[in-house]
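Subject: Structure for you to look at

Hi,

Here is the structure I promised you. Please open it beside this email and follow along.

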Amino acid sequence: MRTRVLVVFALVLLSELVFGSAGAQTVPWLESPPGQILVVDNNLQEAFSADDVNDPADVDNFVTRLLTRVDYVPDVVMLQEVVRASAEGVATRMSEQTGYPFSVVVGPDETVYPPGHEDREDQVVRETAILINTATMTATGPQGFIDTSYSAEDGIPGQRARTKQQAYSGLIEQQTGEAYAAMSIHYLPTQNWFDDNQVAWQYKAQWSDELAVFLEATFPEDATRLLVGDFNNRRCRTRDETRECETMPFWPVVTSTHGYTDALYSAGAEAEIGTLKRIDYIFGRTAFAAAASDLAYTEEDKADPATFYSDHRFLWGLTTSP
Ligand SMILES: [Ca+2]
Ligand SMILES: [Ca+2]
């Protein structure tokens, strides 16, 4: 009798483990291999409208869809256009759906406007965040935000200059103790803030240089540096991206000057290149074993509230051992 009760108990436990309490299958996740981390990025567009932030649907759709596409439980999730509630919402849902504890390690406050913004001449916005899986990664110092800004004279006449704050943090992969220096980036959209696109492209190159120099100066040399996010900048002068093209000014700054590789090119995911507009990137001072974006996310998916998560498709990259 006792054996039978134990067997039934074990079966219930097993069924809970495999199917979860809601009936959905929750096969235990694989962790990324030692020395490699899985980095996810999305401009989630959950920051500038309170109605949007208060409605969890987009965040639910994002997390559910992301977790059907990746081979490992993510180690790091870089977000743009989030506020505290939406970043925490992603962490909570990632935790619920994977069984791993996710946490926001650097992120904005309740609104996109940081403390002290009233006292500044520029209009400063903070909506970038870094989340980690705290069972696989540890956040270390230094961490915080760094500004990317421009002279008001170079912006739209009569408007205050608009500054974005980019989140950064030191991270450690627990499997190996390898150090990373991660930054979640959101550059300004060119047309809204600059009279002259060429000036905007030059600023994006300048900011890329400043941020790369900052990471290099702020973190130990052995920390693998990651510049990830919405650069609001396509790679090629031409509308469509091809490998051989005249590149925009930011590209050689990141790749040639500072030695970063683009996850998609590095992983050989060139089938992605040129298929859709691309302004979101995962760059690392490392090679990538795999990388992809959510190319299957169609205009129909975006038009359907049951599947919409953002106008930006998410992307991910699995680093190789540094
Ligand atoms: Ca790993
Ligand atoms: Ca939204």
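**What I found**

The two helices α3 and α4 are oblique to each other. Please keep in mind that this is a predicted model.

**Helices α3 and α4**

Start with this pair. Helix α3 covers residues 57-69, and helix α4 covers residues 84-98. Their axes come within 9 Å. They cross at roughly 40°. An angle under 35 degrees would count as roughly parallel, and 65 to 115 as roughly perpendicular. The crossing angle is roughly 40°, so the pair is called oblique. The crossing of α3 and α4 is right-handed.

Which residues make the contact? From α3 come V59, D60, F62, V63, T64 and L67. From α4 come S86, G89, V90, R93, M94, Q97 and T98. By class, the contact of α3 with α4 has 6 nonpolar, 5 polar and 2 charged residues.

**Helices α6 and α7**

Now go further along the chain. Helix α6 spans residues 197-218, and helix α7 spans residues 250-257. Their axes come within 7 Å and cross at roughly 25°. That angle makes α6 roughly parallel to α7. On the α6 side, the contact is made by K204, A205, S208, D209 and A212. On the α7 side, it is made by F250, V253, V254 and T257. These residues divide into 5 nonpolar, 2 polar and 2 charged.

Stay with α7 for a moment. Its buried residues are F250, W251, V253 and V254. What covers them? The cover includes α6, β9 (224-230) and β11 (280-284). Just after α7 sits G259, with a positive phi of about 75°.

**A buried methionine**

Next, find M78. It is in strand β2, residues 76-82. Is M78 buried or exposed? A residue counts as buried if 20 or more other C-beta atoms lie within 10 Å of its own. M78 has 29 such atoms within 10 Å, so it is buried.

Leave out residues up to four places away in sequence. M78 then touches V39, V40, D41, I130, S184, V228 and G229. M78 and I282 are 204 residues apart in sequence, but their C-alpha atoms are 9.6 Å apart in space.

Some background first. Most residues other than glycine have a negative phi, and most peptide bonds are trans. Here are some places to check against that.

- Q45 has a positive phi, near 50°, and is not a glycine. Q45 lies in strand β1, residues 38-46. It counts as buried because it has 20 C-beta neighbours inside 10 Å.
- N232 is not a glycine either, yet its phi is positive, at about 45°. N232 sits in the loop between β9 and α7. With 22 C-beta neighbours inside 10 Å, N232 counts as buried.
- The peptide bond from G141 to P142 is cis, with omega near -10°. P142 lies in strand β6, residues 137-148.

**Two neighbours in one loop**

Compare R278 and K277. R278 is in the loop between α8 (263-266) and β11. K277 is in the loop between α8 and β11 too. Which is buried, and which is exposed? R278 has 21 C-beta neighbours inside 10 Å, so it counts as buried. K277 has 12 C-beta neighbours inside 10 Å, so it counts as exposed. The cut-off for exposed is 12 or fewer.

Both can be checked against N233. For K277 and N233, 44 residues apart along the chain, the C-alpha distance is 9.8 Å. Leaving aside neighbours within four places in sequence, R278 is in contact with R234, R235 and E241.

**Domains**

Last, zoom out. The chain is divided into domain 1 (1-30) and domain 2 (35-319). The C-alpha centres of domain 1 and domain 2 lie 38 Å apart.

Best wishes

Technical notes: Residues numbered from 1 in each chain as written. Chains lettered and ligands numbered in written order. Predicted model: local features only at pLDDT ≥ 70, side-chain atom pairs only at ≥ 80, totals over all residues. Helix = DSSP H or I, 4+ residues; strand = E, 2+ residues; numbered from the N terminus. Contact = placed C-beta atoms within 7 Å. Axes fitted to C-alpha atoms, helices over the stretch in contact; angles between N-to-C directions. Parallel < 35°, antiparallel > 145°, perpendicular 65-115°, else oblique. Left-handed = near helix turned anticlockwise from the far one by under 90°. Nonpolar A, V, L, I, M, F, W, Y, C, P; charged D, E, K, R; others polar. Domains from an automatic or database assignment.
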